[in-house]
Amino acid sequence: MSLLNPLPPRQIREQQAAPRGIVQGGADAAPVSAVGDGPDDAGTFRTYSKIDMKQLVSAGKMSISPSNREIALASRAGLYIIDLENPSNVPAFLPQGGMWEIADVQWNPHPSWSQYILSTSSEKLLVWNLSPSSKMHIERILQSHFRAITDINWHPSIPSHLATCAIDSWVYLWDLRSETVTTKIKPTMGLSAFNESATQVKWNYHNEHVLATSHNKHVLVWDNRKGSVPLSTIVAHDSNIYGISWSRLSEAEIITCSLDKTIKTWDAYADPSTIQPLGIIQTEYPVWRARNLPFGRGILAQPQRGRLALDMYSTDHPEEPVHIFDGFSEAVTESVWRIRGGGNTHHDDREFQLITWDRGSSDPPSSLREEVTQAAQKFSASKVKIVDINLNSGTRKCNLEVHGHTSLFIRILFTFPDDYPAKSHPPTVDIDPNRKIIPRKRAWFLRELRKICSQNILCIEPCIRFLLGLPSGGQDVAGAISNQKPFSLEEDDSEEEDVEIEKVPDMESGGASLIQQNQPPRERTAQAVFSTNGMLVRIIANDSTRPKPGTLPSHNDPMAAGKSNHHLGDLPLALRGLAKMAKQLPALTGPANADAHDFADAFSTQPGVKHTSTGILGPMWNRGMPFKARGKGKAI
């Protein structure tokens, strides 16, 4: 983590900053506070520091408190709270113990609600309460999304209001006010773009009813007073949008950024049919985040890859960056502004410090783990399962189970080179043999997956989409994915699958037979029941008396009836029905002369006979005594 103290360029700094009275909230800047009001009370504000926190390598998202003194870092394990005035102290840790990567964390920007922090855990929203009087740090868990949450945003003027968006295309508005913490809170409103995953949601700083969301290549502007129909839809970019930010100076201005290497400024209230960008910034790298500065008319751009620096642009002079924050050895994953001053009502006396966080996202193992987990989060757990991840150098592998269309179950193994992700060194892909997939189909399947890997720097999600029969989702291999015919599981008579057969013990024949590995369980051919005198009787189908498939013994043929019942002897009437049912059971597999006793054999009329099927002596009634029901005096 780095604490930077830039002096903003004159063409940005001298322009009028946000008017007094507008709350300086949101994801990228904290409100004005009294931290270090005097020149002798600057603390760490005027110093450049780099804090080594390798133990927090799993943390990926960062937010600043409204007092501008603490930083919250979120990880799967929990929250780390860092005191910026004493950054060398051990951070406070609030455990969570989750298994999902954190998509976002947001500290409430209002001093009156400064005890609340929001963080994501897949489709759940965790509400943290840092108040000493709170019995539990996680006060609430909000859940209405059915896919992973991608962004959260506190309302800039109403402390208890917030918005969330998710891969399920839904945007929910929430109000955390309730009488008790046990009250289940439901969204106050739901908005949906239908079939387009949401990546960002941001409230307008000037109009408390207006918010914007990004979906694939589009930006939707909403007014919560006008129902679930957006005010306007802006087709903003040629590739996925991963960042939007409202202007603090103009209600209508909003900026967007995309992987198409552009940052654009728009009039959100313009006619969608004739709308054109107000300004375009062309970069040399895919842009992950672009945010309006908390001062003047400027934009801070954060690359997704390809550059280890942050560029600051002037909105009025977008040709070249007016300032570059460089010197990073690894890619920056998050940045926030720390603000000092703001108490002078005659002029803007605020100062700003940029705080950045890089956790080694350029480190291949960390990048790979994040890519795998984020890709898996986008799909239902019943569809995609991470079996194993090994990130050790030289043996970097990932094993996934995918339940695709037409009941396809497949296990796919990725083996990654040490310099992945790099387009020149794609991973190798293999598929575990599957008895439902013939070799020719498996070869075609592997060929298409390897083509996808060669055409995508980040290839795991496109491969999963292909396995599930889904569109490419805006990737560069749309032709290789969305145009492919669905994978067929139909058998091909021209080829036989070469499957490995191994010996598996067979309970009926003592392990003598061979069955195919992973073969579905055989049909049941035997059953055991306890008789009324406490003896265990095993019922087994007799292959010699088994009717042919699709036929039943004729009840009109007296000869057939005699043949089918002659062996029953003086078997009690109550058990004869079960004896007849036993003959309808399927035949046993194995040698034709295998031991098989039907139900009637278990009740032989010969006294003292020891049966191989049960290993017990014949029952008492075999000695000439009539069978009597337990507890009753008359014979059956």
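Visitor: What makes W170, Y172, W174 and F194 one aromatic cluster?

Guide: In this predicted model, W170, Y172, W174 and F194 form one aromatic cluster.

Visitor: Why is the pair of Y242 and W288 called stacked?

Guide: The ring centres of Y242 and W288 are 4.8 Å apart and the planes stand at 25°, so the pair is stacked. Y242 belongs to strand β19 (residues 241-246) and W288 to strand β23, so the pair ties together parts that are 46 residues apart in sequence. Strands (E, at least two residues) and helices (H or I, at least four) are DSSP runs, numbered from the N terminus.

Visitor: Why is Y242 called buried, and why is W288 called partly exposed?

Guide: Buried means under 20% relative accessible area, exposed over 50%, and partly exposed in between (1.4 Å probe, protein chains only). Y242, at 17%, therefore counts as buried, whereas W288, at 22%, counts as partly exposed.

Visitor: How do you know that strand β23 is largely enclosed by the rest of the structure?

Guide: Of the 6 residues of β23 (residues 287-292), 5 are buried, so the strand is largely enclosed. β23 runs antiparallel to strand β24 (residues 298-303), with 5 bridges joining them; strands pair if DSSP finds at least two bridges between them. R291 stands opposite L300 in β24.

Visitor: What makes the F414 and F416 rings a stacked pair?

Guide: Their centres are 6.0 Å apart and their planes are at 20°, so the pair is stacked. F414 has 1% relative accessibility and therefore counts as buried; F416, at 4%, likewise counts as buried. F414 is also among the residues that touch the most other members of the largest nonpolar core, which has 32 residues. Such a core is a set of buried Ala, Val, Leu, Ile, Met, Phe, Trp, Tyr and Cys residues joined through side-chain atoms within 4.5 Å.

Visitor: How do you know that the side chains of N207 and E251 make a polar contact?

Guide: The pair is 3.2 Å apart. A polar contact requires N or O atoms within 3.5 Å; within protein, one must be able to donate a hydrogen and the other to accept it, and residues adjacent in sequence count only if both atoms are side-chain atoms. N207, at 17% relative accessible area, is buried.

Visitor: What conventions apply?

Guide: Residues are numbered from 1 along each chain as its sequence is written, and side-chain values use heavy atoms, with hydrogens and water left out. In this predicted model, local features need pLDDT of at least 70 and side-chain atom pairs count only at pLDDT 80 or more, while totals for chains, interfaces and linings use all residues.

Note on methods. Rings of Phe, Tyr and Trp (its six-membered ring) pair if their centres lie within 6.5 Å; planes under 30 degrees apart count as stacked, over 60 as edge-to-face and the rest as tilted.
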